[in-house]
Amino acid sequence: MIPTIRVSPQEGLFFPPPLDRQIDSVLAICNTSSLSQAITYKIKTTAPSNYVVKPRMGILHHGQEQQIRVTMRPQPKNVDIEAMKKHRFQIEYREVSGQELLHNSNNPEALWNDGVPVIEIHKMKLQCNFSNPTEIQIHDHYVRPPSPQEDYTKEIQQLRTQTAEYRNDLEILKRKLENERAEWQIEKNNFLAERDRLRRELFHTQEDLSKTRHQLEQYNLADSSLSQSTQEQDHHNNDSLNKKPKDDAKVVSNSKKDIKVDKKKKSGRCCCCCTFRCFFILALIAALIVVSYIYVPELLDTYHDQLPPWVHEARHTVSSHFIIVKHEVSRTLEPYLVEFVKFIEPWKVYAIEEYKKLTASS
């Protein structure tokens, strides 16, 4: 911000005749800059041999005023008044930072060293008036210089104008604050409504999650019961397979000894029933696997948007582990399956022959 000063009198310095005596003129400089600005000033003249300025330079804080005495030395009686009217005074001033004030508060001359940028220096010129201060010639008219009371009146008017401007600014700020407050209240209401909506959605989501968990628990329970029944059936089949060779051996020995036809029918029917039972259990297991592969993913894909994220994570985890387990089981059971096929092949042929004999006899 550019610093500003007020000089009084604004018309310049007055040195009324006669000029053959020492004449004093008082110049007042006031710092009218903002609250945080301090300035330093320096006064120059085009005729330093004719005038003495005290103090020639100084420091002014905001609102501070300095009275400067300018003394004109006695001039000869035949002095050229027109030449003296060309004398000028110049006030140079600039803003002073807090760091400069801290180090040079009592030495204003140090603030005007050669390192000061020219762009920071502001200037004001004053003329010299060698006439009665009650009349000043301005543009070929004689007017009376303003009195201190008029200066104070002007200053009061300026202060009133500034006060009115400040009041207008305050009203504008109040209206702006009210508008911002209303907008903030609207945003607050929207936020509360959004919060209530999210809470309701969270409640419904938790209900859906609890239902899904209950369904999954039922599914796991059914799966565990099915697995248990399958294991029991497999165990029963294994027991029947272990007992079957003895029975079959008896059948073979009895057939060689020409036992009765009803015993042959009974043993043949038993073998066929066991074989068909094994195939039925294997088909049931395969059907369950197919259903698990086909319909369960379709159900998960159908209700994809309604299921919570942890269900999808569990699905991916189970799928990855199932693939690994499937690979390991197939790799482990492959030799046993081959041996089982080799073992069951003669019994299969035997069962078919027996079935044919029973059919032919019946």
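Visitor: How many aromatic pairs does the structure hold?
Guide: This is a predicted model, where local features need pLDDT of at least 70, side-chain atom pairs count only at pLDDT 80 or more, and totals for chains, interfaces and linings use all residues. Residues are numbered from 1 along each chain as its sequence is written, and side-chain values use heavy atoms, leaving out hydrogens and water. Rings of Phe, Tyr and Trp (its six-membered ring) pair if their centres lie within 6.5 Å; planes under 30 degrees apart count as stacked, over 60 as edge-to-face and the rest as tilted. The number of aromatic pairs here is three.

Visitor: Which parts does the pair of Phe15 and Tyr51 tie together?
Guide: The rings are 5.5 Å apart, centre to centre, with 45° between the planes, a tilted pair. Strands (E, at least two residues) are DSSP runs, numbered from the N terminus. Phe15 lies in the loop between strand E2 (13-14) and strand E3 (23-31) and Tyr51 in strand E5 (residues 51-54), so the pair ties together parts 36 residues apart in sequence.

Visitor: Are Tyr51 and Phe89 buried or exposed?
Guide: These two form an edge-to-face pair, 5.0 Å centre to centre, with 70° between the planes. Buried means under 20% relative accessible area, exposed over 50%, partly exposed in between (1.4 Å probe, protein chains only). Both Tyr51 and Phe89 are buried.

Visitor: In E7, what is the bridge partner of Val53?
Guide: Two strands pair if DSSP finds at least two bridges between them. Four bridges join E5 to strand E7 (residues 65-72), and the two run antiparallel. In E7, Val53 has as its bridge partner Val70.
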